[in-house]
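Please open the model in your viewer and keep the selection tool at hand.

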Amino acid sequence: MSFLIELADLHKRFRKTEAVSGLSLQVPEGQVTALLGPNGAGKTTTLKCLLNLHRPDSGSATVLGCDSKKLGPAQFTQLGYVSESMELPLWMTVDQFLAYCRPLYPQWDREFEAKLLTQFDLPLRTKLRDLSRGMRMKAALLSSLAYRPKLVILDEPFSGLDPLVRDEFIRGLLELTEQEGWTVLISSHDIEEVQRLADRIAIINRGKLALDETNDSLQSRFRAVEIHLTDTTKPPAQLPTTWLHPEQAARTLRFVESQFIDEPTLARQIQSHLSTALTHQTTPMTLREIFIALARAYRLQDTR
Ligand SMILES: Nc1ncnc2c1ncn2[C@@H]1O[C@H](COP(=O)(O)OP(=O)(O)OP(=O)(O)O)[C@@H](O)[C@H]1O
């Protein structure tokens, strides 16, 4: 497996804030990797270090085989970056903006540009300043995808997009990642969208990598569990550490199993820890539910 992004022990501090604190991560070629994490976890700072918009204090960031501090035209023409906060030449019309971008990228694909224009339904004669936030995002996306970059880095790309456009954008991105083997690194709080797109999930907490695994493996090892008890006796204090956030209400105990293997294994575990267990139910969890369970666990760890 080859990696288009490699971060090794990356550190970035802003005065008293250690925004990125020893982050190591590899982004495999041809896959969509999602970077998730609570507010302030260090996602944007990491992406900016990758793009040489911030200079790391120590550690290394390699993008398309090049040290991020030395990125030049050879890399930037293969790299598409869209961020919620990126600055656009607002005085230009969409048409002028695209005409301005085209010569910067020798491999700009006019046919693909036309397809994206239709898909995004962008008004060519309107100034970027006069577009809605979502429309501006679409213009930014178009200008970063039309040259078919090898690597696409997206920071909160769905912000301001309405549900229909989000859906179209995801379909388009999925089609392109499958057809063209695009590598995508996407940071977003829109987890339903991420669930549809991502092959891998990386979670950052307090500037460090807290989790890095495939979306499939994550979904298969998490289950919401509900146990029906014979009476209201409190469960023992020592439950398995893989049972996250146990909560009892009357004769029901609920928790999140974070290392689910199969039903018989879980049933044996329940019998050995809870003598009052009568029956139980397990339910697969969405990525959003898994993320919430993990974020709660990180918060508990951080406050200990
Ligand atoms: N230019 C800056 N100057 C000072 N502090 C900064 C700067 N940029 C980021 N920070 C701080 O670094 C930490 C990480 O911020 P960052 O924007 O990378 O987080 P994030 O994970 O992208 O958050 P969010 O999900 O809220 O966008 C935060 O505490 C933030 O306040």
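Select helix 4 and helix 5, whose crossing is right-handed (the near helix is turned clockwise from the far one by less than a right angle). Helices here are DSSP runs of H or I with at least four residues, strands are runs of E with at least two, and both are numbered from the N terminus.

This is a predicted model, in which local features need pLDDT of at least 70, side-chain atom pairs count only at pLDDT 80 or more, and totals for chains, interfaces and linings use all residues. Residues are numbered from 1 along each chain as its sequence is written.

The axes of helix 4 (residues 110–120) and helix 5 (residues 133–145) come within 10 Å and cross at roughly 160°. Axes are lines fitted to C-alpha atoms, for helices over the stretch in contact, and angles run from 0 to 180 degrees between N-to-C directions. Helix 4 is therefore roughly antiparallel to helix 5 (an angle over 145 degrees).

Next, select Glu 113, Leu 116, Leu 117 and Phe 120 of helix 4 with Lys 138, Leu 142 and Leu 145 of helix 5, which make the contact (C-beta atoms, placed from the backbone, within 7 Å).

Now turn to the ligand. The residues around the ligand include Phe 14, Asn 39 and Lys 43 (C-beta atom, placed from the backbone, within 6 Å). Helix 1 gives the most to this shell, with 3 residues.

Finally, colour domain 1 (3–214) and domain 2 (223–284), bounds that come from an automatic or database domain assignment. Their centres, taken over C-alpha atoms, are 41 Å apart.

Key
Angles under 35 degrees count as roughly parallel, over 145 as roughly antiparallel, 65 to 115 as roughly perpendicular and the rest as oblique. Two residues are in contact if their C-beta atoms, placed from the backbone, lie within 7 Å.
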